[in-house]
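The sequence and the coordinates are shown first, and the discussion follows.

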Amino acid sequence: MRATGGIFVDNLAILKKTGLFDGLSEEELKLIEKGCSEQAYPMGTVIIEENDAPKEMLFIIKNGDIVISTAAAEEEGSDSFLTTLGAGDAFGEVSLIDNQPHSATVRAMSDAVILLLPGKYFNEIVDSNKNIGFVVVRNIARLVCDRLRDSNFATKHFGLFGKLD
């Protein structure tokens, strides 16, 4: 557990709140928790840079706020805002699955503490417990579908996402 704004937050509580783990038992979540470590990121820190090699890591936000953006195609040095994430949200899941370069930049909007789940440990768990693999991959598929729908809606109705300067 760690003090967060005067409140102690335990890692298992954060994993229970994480949508990627919806449907897992407490015992399965405890297996995942065993492989997690914590990393603090000061406000403004770039955690993942777009097009960087995959980190082979799932990032789960314990506290703080994160912004995800991509480089704007039309203006060099400008970013297109995609979304913000907070406690219980995860990122890095796509690169964990497809082992391709990261498709967006992830930056701490405030001081943040992130749980890091190494891909190697995750794969070992999945090899020994197929239910964890099934549930997490199903949840990743749902998340990717939601993001695709949101992207299609935004493209259709707004043309481009908002800009970050």
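What percentage of the 165 residues in the chain do buried residues make up? Buried residues account for 41% of the chain. The model under discussion is predicted, and its mean pLDDT is 85, with 82% of the residues at 70 or more.

**Overall organisation and confidence**

The secondary structure consists of five helices and 11 strands. Among contacts between residues at least 6 apart in sequence, 76% join residues that are at least 24 apart.

One segment calls for caution. Over residues 1–6 the pLDDT stays under 50, and the model has 13 contacts for this segment beyond four places in sequence. Where pLDDT is low, predicted coordinates should not be read in detail.

Four strands form an open sheet in the order 3-10-5-8, with antiparallel pairing. Strand 3 and strand 8 stand at the edges with a single partner strand each, so one side of each has no neighbour in the sheet. In general, the strands of a sheet pair through backbone hydrogen bonds, in either a parallel or an antiparallel manner.

Strand 10, which spans residues 112–118, is mostly covered, with six of its seven residues buried. Strand 3 (residues 37–41) pairs with strand 10 in the antiparallel sense over five bridges. Within this pairing, V113 of strand 10 is the bridge partner of A40. Strand 5 (residues 57–63) also pairs with strand 10 in the antiparallel sense, over six bridges, and there I60 stands opposite L115 of strand 10.

The pairing of strand 5 with strand 8 is antiparallel and has two bridges. F59 is found opposite F91 of strand 8.

**Strand 6 and its pairing with strand 9**

Is strand 6 largely enclosed or left open by the rest of the structure? Five of the six residues of strand 6 are buried, so this strand is largely enclosed by the rest of the structure. Strand 6 and strand 9 run antiparallel and are joined by four bridges. In this pairing I66 stands opposite A108 of strand 9.

| Strand pair | Bridges | Cited residue pair |
|---|---|---|
| Strand 3 and strand 10 | five bridges | A40 and V113 |
| Strand 5 and strand 10 | six bridges | I60 and L115 |
| Strand 5 and strand 8 | two bridges | F59 and F91 |
| Strand 6 and strand 9 | four bridges | I66 and A108 |

**The largest pocket**

The largest pocket has a volume of about 840 Å³. It is lined by 33 residues, of which I68, L82, T83, E93 and R147 are the closest to its centre. The elements that give two or more residues to this lining are strand 6 (66–71), strand 7 (79–85), strand 8 (90–91), helix 3 (93–98) and helix 5 (130–158).

Which element gives the largest share of the lining of the largest pocket? Helix 5 does, with eight residues. By residue class, the lining of the largest pocket divides into 14 nonpolar, 12 polar and seven charged residues.

**T83 in the pocket lining**

T83, one of the residues closest to the centre of the largest pocket, is found in strand 7. With a relative accessible area of 32%, T83 is partly exposed, because that value falls between the limits of 20% and 50%. Leaving aside residues up to four places away in sequence, T83 touches I66, V67 and I68. The separation of T83 and I66 is 17 residues in sequence and 8.5 Å in space, C-alpha to C-alpha.

**Positive phi values in two loops**

The phi of N51 is near 75°, a positive value in a residue other than glycine. N51 lies in the loop between strand 4 (46–48) and strand 5, and N51 is exposed, with a relative accessible area of 59%.

For N99 the phi is near 55°, again a positive value in a residue other than glycine. N99 belongs to the loop between helix 3 and strand 9 (105–108). Its relative accessible area is 45%, so N99 is partly exposed.

Conventions:
Residues are numbered from 1 along each chain as its sequence is written. This is a predicted model: local features need pLDDT of at least 70, side-chain atom pairs count only at pLDDT 80 or more; totals for chains, interfaces and linings use all residues. Side-chain values use heavy atoms; hydrogens and water are left out. Buried means under 20% relative accessible area, exposed over 50%, partly exposed in between (1.4 Å probe, protein chains only). Two strands pair if DSSP finds at least two bridges between them. pLDDT is the predictor's confidence in each residue, from 0 to 100. Contact means heavy atoms within 4.5 Å. On a 1 Å grid over the protein atoms alone, a cavity is a set of points where a 1.4 Å probe fits but cannot get out, and a pocket is an open set with protein on both sides within 12 Å along at least five of seven lines; lining residues have an atom within 4 Å of a point. Grid points are joined across faces, edges and corners, and a volume is the space filled by probe spheres set on the points. Ala, Val, Leu, Ile, Met, Phe, Trp, Tyr, Cys and Pro count as nonpolar, Asp, Glu, Lys and Arg as charged, and the others, Gly among them, as polar.
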